[in-house]
Amino acid sequence: MALVWASQFLSIMGFSFALPFAPYFLQEELGVVRHGELQLWVALFSSSTAVTMGIAAPLWGLLADRFGKRVMLIRANLAGAVVMSLMGAAQTPLMLIGLRLLQGALTGTMTAAQAFLAGEMPHERRGLAIGGLSAAVFSGSMAGAFCGGFVAHWLGYRMAFYVSGGLLLAAGLLVLCCTRETVVPAARQPAPDGSPVRARVHWRDLSRTFYGVLAMIGAIAFVRQFDMAFLPLLVQEIHGSLAGVSLWSGWLNACGSVAGLLAGLATGWLSDRLNPLRLVAVAAVAAAVFSGWQMFIGTFAVLFPVRFGTVFFAGTLEPALNAWLAKRVPEARQGVAFGLASTTRSIGWTVGPILAGGVAAMNLRAVFGVAALGFLALALLFRLALHARTKSATRSA
């Protein structure tokens, strides 16, 4: 478990080393400076990887259930190492978007790590395992954004992408050399007659609640990603120039990642003890308050604690539902389950930044207000789901 956490720390550190600075990379290295054009390319950059990830994730999930989840985690990290390094050599915005599409099709380290851990851990420890994985993700994001800001400032944005590729390579080699899979993949399990068992998805084995959880994961991704791509532009607006802005953006991302780290640890512990729907309903209301507050901020002294609160409460939402998937979905179907969760998450990631780009073209600050309304809508959705579940349990009794 600790080795998978470590690999995911390195993996997300790699992605966070360069991706948060893409709006600045587009301006300084690729020459995109006009206001409306910049907003368009930032929205496309943020959403494009989710399109191909949503298409590819179920396929990778099927292959994970059949041939093993460990090999899928290795594949995701090594493919990410190649694609991120190539981004550093991009010469046009279109080339950058093309590589982002390739990234979505070939990577997905978080989904692969979730499926790997869920299959390996005892049932009573899966909430902790998934929560700890979320903590590794946020701590990796913190380290990547913080260190990447310095590298981008002193050595340039292209070098940040090259270092990103090196970190993903290290993550892949760690899984390859230091982990093993104890759950026998379906392709190697003998059937009673001696023939191999095919990994087929029996949709009837998955409850209606499962599909409801998938829809919630997609809705969470939509709201959380709505303002994420445009946060660097808010930092640039407050800072007043491009000079040195990567340092401020890196520090802010690191601050948010600390909040996500704490949220992941807390959620992993609480999800083994509390109803996940009750937990996320309260967290969504708090996230709405902090998200809306960002509309009115004019100094970094206020932005940092407010962003901390936004990410902390928003960061509890999806890990609670991932813990539910890890506990309730049979081991033989978890590759597919997390693959489908990645697809619904990718739909949210795709639609959110595109709509946010239209809002940002009119008013950058309004993006954060719309995100706050989205968190309130999530809170209402979770309360309705909790009420429906309670009502169903009462009828069954």
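**Cavities in a predicted model**

I'll start with the largest cavity: helix α3 (residues 35–67) gives the largest share of its lining, six residues. This is a predicted model, where local features need pLDDT of at least 70, side-chain atom pairs count only at pLDDT 80 or more, and totals for chains, interfaces and linings use all residues. Residues are numbered from 1 along each chain as its sequence is written, and side-chain values use heavy atoms, without hydrogens and water.

Some terms. Helices are DSSP runs (H or I, at least four residues), numbered from the N terminus. A cavity is a set of points on a 1 Å grid over the protein atoms alone where a 1.4 Å probe fits but cannot get out; lining residues have an atom within 4 Å of a point. Volume is the space filled by probe spheres set on the points, which are joined across faces, edges and corners.

There are four cavities of 30 Å³ or more. The largest has a volume of about 1,300 Å³. Its lining has 46 residues, and Ser16, Ser141, Gln225, Met228 and Trp349 are the closest to its centre.

The second largest cavity is about 150 Å³ in volume. It is lined by 19 residues, with Trp60, Gly61, Arg75, Thr111 and Ala112 closest to the centre. Here α3 again gives the most, six residues.

Next, Ile12, in helix α1 (residues 2–18). Ile12 counts as buried because its relative accessibility is 13% (buried is under 20% relative accessible area, with a 1.4 Å probe and protein chains only). Beyond neighbours within four places in sequence, Ile12 contacts Thr109, Val137, Gly140 and Ser141 (contact: heavy atoms within 4.5 Å).

Finally, confidence: pLDDT, the predictor's confidence in each residue from 0 to 100, averages 85 for the protein.

Technical notes. Helices (H or I, at least four residues) and strands (E, at least two) are DSSP runs, numbered from the N terminus. Buried means under 20% relative accessible area, exposed over 50%, partly exposed in between (1.4 Å probe, protein chains only). On a 1 Å grid over the protein atoms alone, a cavity is a set of points where a 1.4 Å probe fits but cannot get out, and a pocket is an open set with protein on both sides within 12 Å along at least five of seven lines; lining residues have an atom within 4 Å of a point.
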